[in-house]
Amino acid sequence: MSAADSLAHVIATLDWEGDPGPAPLAGSAADRLRARLGDGATRWVAGATEQSLSALHAQLRDALAPWPVIRSFAQHVLTASLLALAGDDQLPAATEAIDHDLAADIVGRDVPLSDITDALRTLQHEWLTLLIDAAVRLGGEGVGAVPELATSVGATMDAWIGAATEAIVEERRRVYQAEQVRIRSTVESLVAAVPVDVESATRLLRIRLLGWHLGCAIGSPPGGTVERRVLESVVQGFARFAGADRMLRYETTAGTVHVWVTAERAPRTPTVEDLRVPSPLLVGIGEPHPGTDGFRRTFLEASDALQLAGRLGASGGVRYGDAALAIVLSRDEERARWFVEHALGELAADTPEMAEMRDTLRVFFDTRMRIAPAAERLFLHRNTLINRLERIQALLGHGVAERSAETQAALAVAELVGDVRESVIRPDG
């Protein structure tokens, strides 16, 4: 008798001695098994399933596992295995039997794939042992089928392990995508000042929402292309410098990456130079703020700083703390230029001479309007500085000490926005 004939004889004589258990086989595969091999084979599958599940239960010791679903899955796999051994070529695809609820449970409880493989190998071992026992009881012709049984059962289980892995990976992808949608929605609600459940949002975002947040916006000018690894180095550099224990990122369809680092205390705020941002990338760095309002505030600050960096073509980017006044005043660029023109008058002209005058006035304000320190920093004789200040006052139309806050604000906007005279319409122009 050939090995194939011996194998067919073993399969045809299967039956279960004793009670096969409380879960009879059902479904189209069970009907084909019954039609092909008789009621004995269906009893054997039911009994073998219960015995192998007892061994699996002892191995896993997992009371929360969905055992009824696992039982149905095991019955289907064993039924399909016997039909394969019997030469049935009308079996459904293996993945059709990977129950969605089972895959969802595995993914939901984050069961490692290695544990699933071990569990299926346990079932394989139990089933193969029972099949070999049945073959040995038949004597010589049955013993001849043992090598074929071992090879066939092993190959069949390999296919099921592959199918289970594929189904679980697909479920993890589906869950990940659904979670990403919820994360994006929550982030968008926070930055739009829409009320959220803080406890739920904290769990979803995996950050301390009531802690301190520091935001960074990373992008590039229109037409700029950046390798992902270069972008990642800036993201990781920002997180490392801030010294925070949690990080959240959010990417827009326009290609801007927003990063928040979160900690129990205010994170360190890096400068643009600290991040060593390679061209053409630009960054906008916010200031640290606490709580849900702080999450939104540092996001807006970083976004505004990045926008200003893009307008200026600033190398590397802008930190909000270094340009807060200019950012606020220049959100409407046209009106910002009008403000500069109004506050500085002829001093706003885009000429080398006026640029030098503006720099002189900035230093004078930085030294608290003291002649000697200002002259020293500017490398000027004090009389030269006095003469220059008199010229500045004539251009302003008022004393330097008058309206100093407005003048300093205009100087800050002029320095960052640049070309302040470009939009000025002269009476003779």
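Predicted model: local features only at pLDDT ≥ 70, side-chain atom pairs only at ≥ 80, totals over all residues.

Colleague: Is strand E1 buried or exposed?

Modeller: Strand E1 spans residues 212–219. A residue counts as buried under 20% relative accessible area, and 7 of the 8 residues in E1 are buried. The strand is therefore largely enclosed by the rest of the structure, and the answer is buried.

Colleague: Over how many bridges does E1 pair with E3, and in which sense?

Modeller: Strand E3 covers residues 257–263.

Colleague: Which residue of E4 stands opposite Ile218?

Modeller: E4 comprises residues 282–285. It pairs with E1 in the antiparallel sense over 4 bridges. In E4, the residue opposite Ile218 is Val283.

Colleague: Which residue in E5 is the bridge partner of Trp212?

Modeller: Strand E5 is formed by residues 289–290. E1 and E5 run antiparallel and are joined by 2 bridges. In E5, the partner of Trp212 is Pro290.

Colleague: To which backbone nitrogen does the side chain of Thr298 reach?

Modeller: Thr298 belongs to helix H12, residues 291–312. Its relative accessible area is 0%, so Thr298 is buried. At a distance of 2.7 Å, the side chain of Thr298 reaches the backbone nitrogen of Gly215.

Colleague: Are H6 and H8 roughly parallel or roughly antiparallel to each other?

Modeller: Helix H6 takes in residues 113–137, and helix H8 takes in residues 146–191. Angles over 145 degrees count as roughly antiparallel. The two helices are therefore roughly antiparallel.

Colleague: In which hand does H6 pass H8, and how many nonpolar residues does their contact have?

Modeller: The crossing of H6 and H8 is right-handed. By class, their contact has 3 charged and 4 polar residues, and the number of nonpolar residues is 18.

Colleague: What separates the C-alpha atoms of Ser185 and Arg249?

Modeller: Ser185 is placed in helix H8 and counts as partly exposed because its relative accessibility is 41%. Along the chain, Ser185 and Arg249 are 64 residues apart. The separation of their C-alpha atoms is 13 Å.

Colleague: What is the phi of Ala193?

Modeller: Ala193 lies in the loop between helix H8 and helix H9, the latter being residues 198–205. Although Ala193 is not a glycine, its phi is positive, at about 65°.

Colleague: Is Arg403 buried or partly exposed, and what is its phi?

Modeller: Arg403 is found in the loop between helix H17 (382–396) and helix H18 (404–417). With a relative accessible area of 46%, Arg403 is partly exposed. It is not a glycine, yet its phi is positive, at about 50°.

Colleague: Which residue does a cis peptide bond join to Pro280?

Modeller: Pro280 is found in the loop between helix H11 (272–275) and strand E4. The omega of the cis peptide bond is about 5°. The residue joined to Pro280 by this bond is Ser279.

Technical notes
Residues numbered from 1 in each chain as written. Heavy atoms only, no water. Buried < 20%, exposed > 50% of the residue type's maximum accessible area, 1.4 Å probe, protein only. Pairing = 2+ DSSP bridges. Axes fitted to C-alpha atoms, helices over the stretch in contact; angles between N-to-C directions. Parallel < 35°, antiparallel > 145°, perpendicular 65-115°, else oblique. Left-handed = near helix turned anticlockwise from the far one by under 90°. Nonpolar A, V, L, I, M, F, W, Y, C, P; charged D, E, K, R; others polar. Polar contact = N/O pair within 3.5 Å; in protein donor to acceptor, adjacent residues only side chain to side chain.
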